Amino acid sequence: MSHFASVVFFALFASTVFGITQRETPRRMVRYGFYCFLLFVGSAIALSWLMYLIAR
Amino acid sequence: MRYSQKGMATEENKNASAGPVSQPASQQDFVYLPLIAGWLVPGAGHFLLRKWGRGALLAASILGMFVMGLAMHGRLYAGAHDILDILGLAGDLGNGLLYIAGRLLGLGAEQVQITTADYGTRFIVVAGLLNVIAAVDAHNLRTGRKS
C-alpha cells in the first residue's frame, strides 16, 4: 500500500468516527465528516509539497 | 435557575430526551453498560442503544483501522519501557477485546523495521483512541447528553 493510500484510509476512518460522534443530526454528521476528511487529506498534501520544496 | 442547563444531563433533560422513544427496560438499570460494551467491542455501545447505522459505521471504521494496522505489520505494545511506550500502550488498550485477542493470538510485529510498519503501529493506536471516543459517545447517548 502506498503512503498516500494510507493517508486516505486513515482520513476516511477517522473522519467517519469524528462525524458520527461530534455532531447530532445525520446531515451535519455527513458534512462534518466530509470536512474532516478534506482537512486530513488536504493538509497531508500541502505539508508534503512544503517538505518537498524545502528539501530541494 | 440562574444559568442555562441546555445540553446538560439534568433530570429534566433526561426525561425530555427519553420522550416517545424511551430506553428499553433492560438498559435502564446500568447506565455505564453502553460505555463498557462500546470499549470492549467497537460499535457495541451504539448497538445496545439501537443505533444500528451509527454502530455499524463505527465498528467498520475502528475494526478496519485496527486490521489495516496489523496488515501493515504494525506493533501491538506489550510493555511500558518509556513514556512513548506508555502512551502507545494506553492507545492500544482502547481497542478493548481486539487488543486482548491480538495479544493472545500473537498478532503484530515484534519490531518495527519498515516505514509502513510504523504507520501500522499508529493505525492501531489511533483505532484504540477512536474506539474510546465512540464509547464515550454511546455513554452520552445513554445519559441524554446527546440525541
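A crossing of two helices is left-handed if the near helix is turned anticlockwise from the far one by less than a right angle, and right-handed if clockwise. The model treated here is predicted: local features need pLDDT of at least 70, side-chain atom pairs count only at pLDDT 80 or more, and totals for chains, interfaces and linings use all residues. Residues are numbered from 1 along each chain as its sequence is written, and chains are lettered from A and ligands numbered from 1 in the order in which they are written.

**Exercise 1.** Describe how α1(A) and α4(B) cross.

Solution. Helices (H or I, at least four residues) and strands (E, at least two) are DSSP runs, numbered from the N terminus. Axes are lines fitted to C-alpha atoms, for helices over the stretch in contact, and angles run from 0 to 180 degrees between N-to-C directions.

Step 1. The axes of α1(A) and α4(B) approach within 9 Å, with a crossing angle of roughly 150°. α1(A) is therefore roughly antiparallel to α4(B) (angles under 35 degrees count as roughly parallel, over 145 as roughly antiparallel, 65 to 115 as roughly perpendicular and the rest as oblique).

Step 2. The crossing of α1(A) and α4(B) is left-handed.

Step 3. Two residues are in contact if their C-beta atoms, placed from the backbone, lie within 7 Å. On α1(A), the residues F9(A), F13(A), T16(A), V17(A) and I20(A) meet residues of α4(B), among them L57(B), L58(B) and M65(B). The residues of this contact comprise nine nonpolar, three polar and one charged (Ala, Val, Leu, Ile, Met, Phe, Trp, Tyr, Cys and Pro count as nonpolar, Asp, Glu, Lys and Arg as charged, and the others, Gly among them, as polar).

**Exercise 2.** State how many residues each chain gives to the contact between chain A and chain B.

Solution. Step 1. Chain B gives 19 residues and chain A gives 11 residues.

Step 2. On the side of chain B that touches chain A, the elements giving two or more residues are α4 (52-71) and α7 (115-143) of chain B.

Step 3. That side of chain B has 12 nonpolar, four polar and three charged residues.

**Exercise 3.** Describe how α1(A) and α2(A) cross.

Solution. Step 1. Helix α1 (residues 3-22) and helix α2 (residues 26-55) of chain A have axes that come within 8 Å and cross at roughly 150°. α1(A) is thus roughly antiparallel to α2(A).

Step 2. The crossing of α1(A) and α2(A) is right-handed.

Step 3. Among the residues that make the contact are V7(A), A11(A) and F18(A) of α1(A), together with Y32(A), F37(A) and F40(A) of α2(A). The contact residues divide into 15 nonpolar, five polar and no charged.

**Exercise 4.** Determine which residues of α6(B) are buried and which are exposed on the face turned away from them.

Solution. A residue is buried if 20 or more other C-beta atoms lie within 10 Å of its own, exposed if 12 or fewer, and partly exposed in between; C-beta atoms are placed from the backbone.

Step 1. In α6 (residues 97-104) of chain B, the buried residues are L98(B), Y99(B) and G102(B). Seen down the axis of α6(B), they fall within an arc of 100°, so they line one face of the helix (the arc is that of the directions from the helix axis to the C-beta atoms).

Step 2. These buried residues pack against α4, α5 (83-93) and α7 of chain B.

Step 3. The face turned away carries the exposed residues I100(B), A101(B) and L104(B).
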